[in-house]
Amino acid sequence: MAEIATTAPQTVARRPRLRGTALLGTVPFFAYVAIFLIIPTLVVVIGAFAGDGGGMTFANVKALTDSYILDAFGRSILLSAVSALVGAVLGGLLAYALVTAKPRGVLRRIVTAAAGVLAQFGGVTLAFAFLATIGLSGFLTVWLHDHLSIDLYANGVWLFELPGLILVYTYFQIPLMVIVFLPALDGIRPQWREATESLGGTTWQYWTRVAGPLLAPAFLGSTLLLFANAFSAYATAAALVSQGSPIIPLQIRGALTSEVVLGQQNLGKAMALGMVLVVAVVMGMYSLLERRTAKWLG
Amino acid sequence: MAGVNARRASRQRVLRWVVLIVLGIFFLLPLAAMVEFSTRDSQTWPLLVNWPRLSGTYPDLAEGIVASLEQAGLTALLMLVLLVPTAIWVRLRLPRIRRLVEFLCLLPLTIPAIVLVVGLAPVYAWVVYFLGGSSITLVFAYTILVLPYAYRSIDAGLAAIDVKTLAEAARSLGAGWTTVIVRVVLPNIRSAVLSAAFLSVALVLGEYTIASLLNRTNLQVSIALLGKSSATMSVAVSLTALLLAFVLLLLLSLFGDRRKSTKEPA
């Protein structure tokens, strides 16, 4: 007892100093994050406004309005938007199909587990999977040619261009949609449908007046997340497209790996900054919609 | 009313199976095509499982596989050493900076890997200066990449237990802070730590962007390289890598399920 009595006031007195030493425990984490996350971010942000010999310039940012870079941004946005929309609609349908199944059934568990895996499936392996399927000597290409005499590439090889990228991207967009949209669908209560029916509403009215508006923020938010996901993707496109740089991540690859044009040493950083801004705007809107979803369907 | 419900249920069943079958074909076809494509040459699979011959025939591929395994193990280790004590410490002693730590950990989600590479290039110039240019140095960048996923997992694990009470009990029995973290809190968040490590391994095994643009090698870089010379072999390796990731992540999700279901009765 006596011991406790003597030590207790001591700890109270030591408390302010301890705050400082407590912070010391987080030093390794903060130092690491500073070196490998904060500094690279600052390099991009500051580098975008730096000239070849140092000093501030807007030349890099101005160069972003060159037609080939604007085109690449446009194609990136088109690719992300289309693959996000297709992914959102098909993924939303799949999620709805799962919700109508038994909640703890085998089907739902298998599909959600598979979606979790496939949403992470991207990059080189995905590109090769599609090359094996609809590449020039791919399984489906050959089969269609031999059995139905359909030539997939009668109008040119579209696999290595924007349409091909859209198709390949949907492969990871649909599963991602299932993962992010399923919780919102689970938030819809059967009582709401019963209430609509007891008031004489039809199925059409239920979907357009009750469930649709309730799900709209979640659906839009998930679509935005899919957009950001496709917009930041690099590896799949890099493995698939070896000629030219149709989209902005591949333009950045070009800026990093090829001979640097004089006066455009930091152009890659400006393009990277442009990407970050697009993703930041999209994710900002996403978190606003997310808050609304949490309020309505939480 | 019962008739309406029965009709709706059967309509939903039809819709469910149509959606599942159509999308099932879309998702299974590329996998089936990979199997077909990789078996066109009967030598491919026997070669792939024969490590000495494989590393003799495709030295780049063997090097990539070894590099990826090393990177995956070390990234999981570095992530745990860096994140677990910090997450516990912040919860116990510095709740005020928890938001800041969370923000920093989730930040890599909003920075595309291709952007991170642009900024990492000068940092890696210093890494090369101090530690050399080995592919193993990619671990530093990968630890940042896995931070969001690992943090979420560990944070969820910590939220599920009463860290403060555990720590106070241990402290009042005379335990030092190291004992509290290593022998009291850590065993209680074992499954969260394990799933964070699993996720890290799965992510690192699939990483391509940073490795290829910093001119290092790993599994994905060597597969991409192999695709230029031997299409059949590269598809076979892709399929193997994919199945490995499937197994890892399926184990993870089963693991997560078990954690949830054991918690429910309580």
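**Exercise 1.** Find how many salt bridges cross the interface of domain 1 of chain B and domain 2 of chain B.

*Solution.* The rule is a side-chain nitrogen of Lys or Arg within 4 Å of a carboxyl oxygen of Asp or Glu. Across this interface it finds zero salt bridges.

The model is predicted: local features need pLDDT of at least 70, side-chain atom pairs count only at pLDDT 80 or more, and totals for chains, interfaces and linings use all residues. Residues are numbered from 1 along each chain as its sequence is written, chains are lettered from A in the order in which they are written, and side-chain values use heavy atoms, without hydrogens and water.

**Exercise 2.** Describe how domain 1 of chain B and domain 2 of chain B meet.

*Solution.* Step 1: the domain assignment (automatic or from a database) gives 2-38 as domain 1 and 46-263 as domain 2 of chain B. Step 2: five residues of domain 1 are in contact (heavy atoms within 4.5 Å) with seven residues of domain 2. Step 3: the two domains bury about 560 Å² between them, as accessible area (1.4 Å probe) lost on being put together, summed over both. Step 4: on the domain 1 side, Met34(B), Phe37(B) and Ser38(B) lose the most area, together 77% of what that side buries.

**Exercise 3.** Classify the aromatic pair of Phe181(A) and Phe219(A).

*Solution.* Step 1: rings of Phe, Tyr and Trp (its six-membered ring) pair if their centres lie within 6.5 Å; planes under 30 degrees apart are stacked, over 60 edge-to-face, the rest tilted. Step 2: the search finds 19 aromatic pairs over all chains. Step 3: Phe181(A) and Phe219(A), at 5.6 Å centre to centre and 80° between the planes, are edge-to-face.
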